[in-house]
Structures are given as C-alpha cells and as structure tokens.
Amino acid sequence: MSGFFDKLLFPLLRVGYAGIYSSGKKANLLTRIYQNRKLVKEERREFETPNGVPSGAMFEYLQRLEKRCAFVYSATALSSINQGALPSCDPAFFREMHIETDNISTVYIDDKWSIYASVFDIEEIQKKYDPIDGLDYVFPTEALIDYYRRYIKIEIDKNAAFAFLLYAKTSATLAIYQNDLIMYSSHIIFDEEDGEDTNPQNDMADFFDETLNDEAIEANAAELNNISDDFNSIEDLNDFIASDDPASLDAPSETKLDGDAAPELDLNEDAPRFNIRRDMLLFNFLKNSFNAYYKNEHFASAFISSAAILEAFEGAKSAVDFLKKELCIEGKIYPIDIGATICKMAYEEAAL
C-alpha cells in the first residue's frame, strides 16, 4: 500500500540538491531542483565565507530551499590534507602506512581499495553547517577525481599507471591509478589570499519565485550534457626523470615540499608574482609526489604513461608544461566544474 502512495506522490514532490564548493573566502553553490526525476530548475550563487564559515545570507538561501522542496540533499568536498586513498581494504595496511584507523572514515571501493578522510575534519565541516543541521555528504577529493574519471570514461592501460591532477584555486590533489584503482595520492594547500573582489549574488527572489514551465524544464535539462567524452590516447614514453629528493612515506596523503628549486620553465615575465610562486610550489609538489610513488616500498609501481589535469581554476597549463618538459609525461586538460560534480554525486548517492 505504501508503494502505491509513493507512486502517486513522487511526481508531485520537489527534491533539491545543493553542491557547495568553498574556495578561499567565498563559497560557490550549484542548486538543482528535480520533480518526477526531471530537472526543473538550476541556479548558481556565490556567498562570502568569512574565516571559512558560511555567511548568514548563505544559510538563509539554503533554508529557503528547504522550505520549497520536500527533500534537500546538500554536499561539499573536503579541503584538508587529512584524506587520501590506499590500494587496500585491510586495516593492517593502514597501520603499516602509519594511518590511525580509529580517526578516519573509510569507504571501500569494489573491495579492492579505499578512500578515507579524517573524522575530525568532517566533524569540523558539519559544525559549520549547524544552522541547517549539517550536510548530507562530505566527499573526499579522491572521490571527486574517481567520479569524474568514470564520467569522462578514461581507460587506463593495465600495464601502466595514469596520473590525475585536480587543480583548484586553493589546493591541488594528485591521484595515481594502476589497474583501475588509486595506488597513491597526495595534496597541497596553496593558502593564497583571495584577491578577487567580486560581488556575490545573494538575491534569491528570481530563483524561488520564478514560475516553472515545460520550456524551462527542457532548457535546463539540455545544459546537463556539456562535458566531452573524448580522450586521445598518448604514446608510452621511454624515460622518467627522477627527482633527487625523496618524499616521506609516513604520510601518503601529504607530500612535504623541500627547499630545492623546481626545474626551470619558460615562465611569463608579465605573470603576477603570486602565480609564479604558486607554480613553483606546484612543481615541487608534483616532483616529490611522483618520486614518492616510484620509490614506495609498499607496492610495485608502474610506469606513468600519461596524465589528465582536471582544471577547476585557470592556470593548469603550467602543470602540463612541467609534466612534459621535466617528467616526460604527456598531459591533457579537462575543465571540471567542482560544484556541478558535487551536485551530481549527491544526486546519485541519494538515489541509491
């Protein structure tokens, strides 16, 4: 009987999804509302997050969304370095890698490998969202990379390794795959000041008050499939230029930067100084991360044949140049909308 009523009521219910991506002093939100499994409304907003805490305007927006929908699922991505992935589901392997299993939340993928995150970092994020009773999902960065990898259908050669670099405004995450699972990952936080002074869009009237019609539904739904599935194959390269500075294996989710200068590249002299500093930090991070992967004694590493750079913030071309010139790795840039990716992940998780 309950199933009968569910079928009657479901087409009448509106279900909302909010993908929250915090970057610097602002948070970008992508909100989608579905009715009878059809996208009927999509809205993008930007809000101030002073000291990393959502503003009152942002909470007001999310609370109004909850009033207009029968259900709302909100999600964000974890931005700390206390997260990672390991090629095992065995707690003993975690301890061998000096990771305290009592202090992490773990998701096992296909009973072959794991994505984990600090429970303290998750709790800290949930506390920031107490006014809306917390978030429904907090996704580790590796989960975003793995989801997007599957979405753009990149196939990985079984005899090689493939690197993914998620390049964001305030951070970067490197994930290295072998045989369809992440063998190694590392993070860097740039900690740059947000120099942009744009006015956030806080007006909510047009989003909540606009009448929904068939034309609006079709127009919004047509915008969903805007990511290319094409990926050109890249020839295997013969050489890997190793670094002289091995990184510590005690903390696989974080690569420490040493004081050595990164190899010289043709940097634009007119580029802002903070971009040059950011590039140098990124280059050292990549050099040390690849070196740590190749020298990791806990698994047999494979040759990294190519890389995909998921560009969430403009400027990833410098990473492509570095990989090719200094590490002999061909890379290709794929634009990624992190807010949209989080929103899609929340949609699929809620549907399970």
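Author: Let us begin with a definition: a residue is buried under 20% relative accessible area, exposed over 50%, and partly exposed in between. The model discussed here is predicted.

Reader: Is Cys328 buried, partly exposed or exposed?

Author: Cys328 has a relative accessible area of 23%, so it is partly exposed. Cys89, at 21% relative accessibility, likewise counts as partly exposed.

Reader: How many disulfides does the model contain?

Author: A disulfide requires a pair of cysteine sulfur atoms within 2.5 Å. By this rule, the count is zero.

Reader: Which residues touch the most other members of the largest nonpolar core?

Author: A nonpolar core links buried residues of the nonpolar kinds through side-chain atoms within 4.5 Å. The largest one here has 70 residues, and Ile176, Leu286, Phe290 and Tyr293 touch the most other members. Another core, of 22 residues, lies apart from it and includes Tyr61, Leu62, Ala117 and Leu135.

Reader: What surrounds Leu323?

Author: Leu323 belongs to helix α9, residues 317-327, and is counted as buried because its relative accessibility is 2%. Leaving aside residues up to four places away in sequence, Leu323 touches Leu286, Phe290, Ala307, Ile309, Cys328 and Ile329. Leu286 is 37 residues from Leu323 in sequence, while their C-alpha atoms are 8.4 Å apart in space.

Reader: Why is strand β11 described as largely enclosed?

Author: Strand β11 covers residues 181-189, and eight of its nine residues are buried, so the rest of the structure largely encloses it.

Reader: How does one check the geometry of helix α10?

Author: One compares its expected span with the distance between its end C-alpha atoms. Helix α10 (residues 338-351) has 14 residues, which at 1.5 Å a residue should span 20 Å; the end C-alpha atoms are 20 Å apart, in agreement. At the start of α10, a side-chain oxygen of Asp337 comes to within 3.2 Å of the backbone nitrogen of Gly339.

Reader: Which residues of α10 are buried?

Author: As a general idea, an α-helix has 3.6 residues a turn, so residues three or four places apart point the same way. In α10, the buried residues are Ile338, Gly339, Ala340, Thr341, Ile342, Cys343, Lys344, Met345 and Ala346.

Conventions:
Residues numbered from 1 in each chain as written. Predicted model: local features only at pLDDT ≥ 70, side-chain atom pairs only at ≥ 80, totals over all residues. Heavy atoms only, no water. Buried < 20%, exposed > 50% of the residue type's maximum accessible area, 1.4 Å probe, protein only. Helix = DSSP H or I, 4+ residues; strand = E, 2+ residues; numbered from the N terminus. Contact = heavy atoms within 4.5 Å. Expected span 1.5 Å × (residues − 1). Polar contact = N/O pair within 3.5 Å; in protein donor to acceptor, adjacent residues only side chain to side chain.
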